[in-house]
Amino acid sequence: MWVSKLKNMRWSAMVLGTANSLVLIVGIYFLVLAFPSCDRGLLVMLVAVPFLAALRIATMVKTGLAQQATAKTVLEESPADTLDVLEDASRPETRVRYKNWLWWTRFATVITVLQFVGASYLLFSMVNYMIHSQNKASSYCVLVATSSNILWKQQLLIFFVITVCLAAVLQCFSGSNVLKWRSFYATQDDAWKAHYREVFDHGIREALCCMGRVKYLSVLEEDEVFSVARLLGDLVAYRAAGTGHLKLMAGLALLRNPSQSPKSFDEYMETPEEKIREAADLHKFAEAAYTGPLLDFGRHPFLFPCAWLYRQGILTPWTRNRLPKLDGDNWWRGHAAAFLKYVKLSPEVLRQGRVNQAKCRAAYFVIVLHHLRSVVIAVRGTETPEDLITDSLCRECRLSAEDLDGLINFVCSSCLLQRDVKESLMSFPHHAHSGIVEAARDLFMQIEGSDSSGLLCSLLGAGCECEGYSIRIVGHSLGGAIGALLGLRLYHRYPNLHVYTYGPLPCVDSVVANACSEFITSIVYNNEFSARLSVGSLLRLQGAAIRAMSKDSEADSAMILRLARHFLNVSKHQKDRTQVKDPASDAISGAITAEKLSHQISGPQFDIKASEEQDEGFLACTGETDFGADNDQFTNPFASDAIANHDPVSEFMESVPRSDSVSPTDPPEMYLPGLVIHIVAQPRNFDMPIWKGWGVHEKTQSHKAYIADRESFKDMIVSPSMFLDHLPWRCHDAMLKLLQARSSQVQNTQVLPSECPMV
């Protein structure tokens, strides 16, 4: 019994427990020895160090018990055949257990800090004594005198100081866990998912609490934070294979191959100049919608507080009365001032807006440009924690007929669309990003209303101020995706409408994305990650990392199979559950899980009996610390016929999900809406001498814009610039350079005929 419990303990916990026990015993001995004659400072330290060691041991015991109780509760909740009703009933108990364990780990962290301070002070005191003893200034105390005269006591004192310092340093790197989570969860995928779901759930709530959102910390029922945590828990299910996050990151690093030639865009058509010109002119409104400090932090990393306060107009509070009052704005109306100052327009053009902090509630600005005869709706992208929650609510949801009202009426009255496109659009259901759909519905009610009594109707109605004006909806990132869904609903009411999205998220299915190409334009700059960000692309990226590791000569094929088997959730009980599951219900499910996106590897050719035998072999050779097993012990768990002479890694690679392998049971893939324009940075010209090229390479870098296939954005691209390319001003600068290059090209073609000699 005790031996099995010791096996469940982490080796670092056993070392720390032993070290703290020695500190407690030896510290008490020296305290008794030094009590009569040592000064108060050293006595206090000799009391504090053993006391903290005893407190640490007690905390480790309580932490271990709380960890054990948490793991047992998770195991009771996580079986695959557990009904959702029972899972919902046991969730509060799991959260209470987890909070109890989390409290003890935080208390252990406080003790670690105190022990580190005590060890530093004790070391300082001993060094101070050595200086005094060498100068023969004082005998200091009986403890030191005795230790100086008796060799074993002197050695014991040195051992005591070293042990105290070593225990304090080890506790800073070992963490607060006492037991191994793997000793409870082993290779149970559902248990690991439930565990990481709680980890992410509490982590996100505490992060939101630190940002002033205290309300999320006390919520026990399922909410939007829990939905995000469940999704993230599914994404890290590969931990069940005993594979760390760094190993997966190593596989992702292998995907960056500098020797690969850049993708050819010769088959794509270049974008017409008028599309780029209008998109470039309207981009400043999408960028100005970031009225918080995020925009200034990107442009002025060191002086961003000063730049943001200046843009907010806090230095000129007397101008607040001239600014429009926006919903959720501060008392000096700083967000309105920041927006207007960035676009350099007068306050009269800003008619309505909202800057609030709530999930699925988009911030927006409505402006009227009389000189352009346009009404511009700028939707802000991701800037607040609530926006991140909206981004993460990426499970698919069904679009109603009202959501597609404008698109359906456009398709019915259009003669340009093909017949198959019309038939596909009229056949429901259609799906979209649930968080974006909810935000777009709320935004529609804000600016139009259910009975067409909103702002747009009052501006563009018959006989109104802006009758006959065009509508332009712009947005970057999340704001662009919300604007696209808003345009789908408004287009029938206002036919002179166009949506420009910059770096949007994939948010609609392929049918809707193709049907709205006439009035929605999605612009993607280079390799920005947002245009390829979806649950399916992330899971395929993990599969690509596995394939990259399999091609690496230094990779351990046994580790790859462990990672693949549990990352893709191929276990016996999941096979049985998948085989009896109705595929039609799976296709319209509201939750995206790793089982669905990896279902193509668990087809009917899978042999359950072979799976059981392979599971037994797998569990036998994947112990907690046995990561160097021989490759011959592994057989491909995905193949129906295990052939000993075949390479198991090669057999598995044929079953890893790819973007071109689609199963009917997979959830709908999300795509970029409308016409997709891809702006690509061209390779720099290095023909010029280096001494001439310094400092001008960035300025002379050219760009080209192509009308791209939305299918090419299904998979994530690992690139050093994938995050920097998403910065809004990079896309704007690229469009300006592109227009300048085309203008120069036109001027050159006009000058060349006049320079030709007459014959």
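A residue is buried when its relative accessible area is under 20%, exposed when that is over 50%, and partly exposed in between, using a 1.4 Å probe and protein chains only. This is a predicted model, where local features need pLDDT of at least 70 and side-chain atom pairs count only at pLDDT 80 or more, while totals for chains, interfaces and linings use all residues. Residues are numbered from 1 along each chain as its sequence is written, and side-chain values use heavy atoms, with hydrogens and water left out.

Q: Why is Val349 called buried?
A: Its relative accessibility is 14%, which falls under the 20% cut-off, so Val349 counts as buried.

Q: Where is Val349 found, and what is it in contact with?
A: Val349 sits in the loop between H14 and E2; helices here are DSSP runs of H or I with at least four residues, strands are runs of E with at least two, and both are numbered from the N terminus. Leaving aside neighbours within four places in sequence, Val349 has contacts (heavy atoms within 4.5 Å) with Leu340, Val366, Ile367 and Val368. Val349 and Val376 are 27 residues apart in sequence, with 10.0 Å between their C-alpha atoms.

Q: What makes Glu386 a buried residue?
A: Glu386 has 1% relative accessibility, so it counts as buried. Its place is in helix H15 (residues 385-392). Not counting residues up to four places away in sequence, Glu386 touches Arg213, Tyr216, Gln357, Ala358 and Lys359. Asn356 is 30 residues from Glu386 in sequence and 9.5 Å from it in space, C-alpha to C-alpha.

Q: What makes helix H14 mostly covered?
A: Eight of the 10 residues in H14 (334-343) are buried. Those are Gly334, His335, Ala336, Ala337, Ala338, Phe339, Leu340 and Val343. The cover over them includes helix H11 (273-288), helix H13 (304-312) and strands E2 (350-354), E3 (364-369) and E4 (374-379).

Q: Which residues of H11 and H14 meet?
A: From H11 there are Lys284, Phe285, Glu287 and Ala288, and they meet Phe339, Tyr342 and Val343 of H14. The residues of this contact divide into five nonpolar, no polar and two charged. The nonpolar set is Ala, Val, Leu, Ile, Met, Phe, Trp, Tyr, Cys and Pro, the charged set is Asp, Glu, Lys and Arg, and the others, Gly among them, are polar.

Q: Why are H13 and H14 called roughly perpendicular?
A: Their axes are 7 Å apart and the packing angle is about 95°. That value lies in the 65 to 115 range, so H13 and H14 are roughly perpendicular to each other. Tyr310, Arg311 and Gln312 of H13 meet Gly334, His335, Ala337, Ala338, Lys341 and Tyr342 of H14. This contact divides into four nonpolar, three polar and two charged residues.

Q: How many helices and strands does the chain have, and what share of its residues is buried?
A: There are 31 helices and 11 strands, and buried residues make up 50% of the 759 residues.

Q: What is the mean pLDDT of the chain, and where does pLDDT stay under 50?
A: The mean pLDDT, the predictor's confidence in each residue from 0 to 100, is 75, and 69% of residues reach 70 or more. Over residues 566-649 pLDDT stays under 50, and over residues 690-699 it is below 50 too. Where pLDDT is low, the predicted coordinates should not be read in detail.

Terms used:
Axes fitted to C-alpha atoms, helices over the stretch in contact; angles between N-to-C directions. Parallel < 35°, antiparallel > 145°, perpendicular 65-115°, else oblique.
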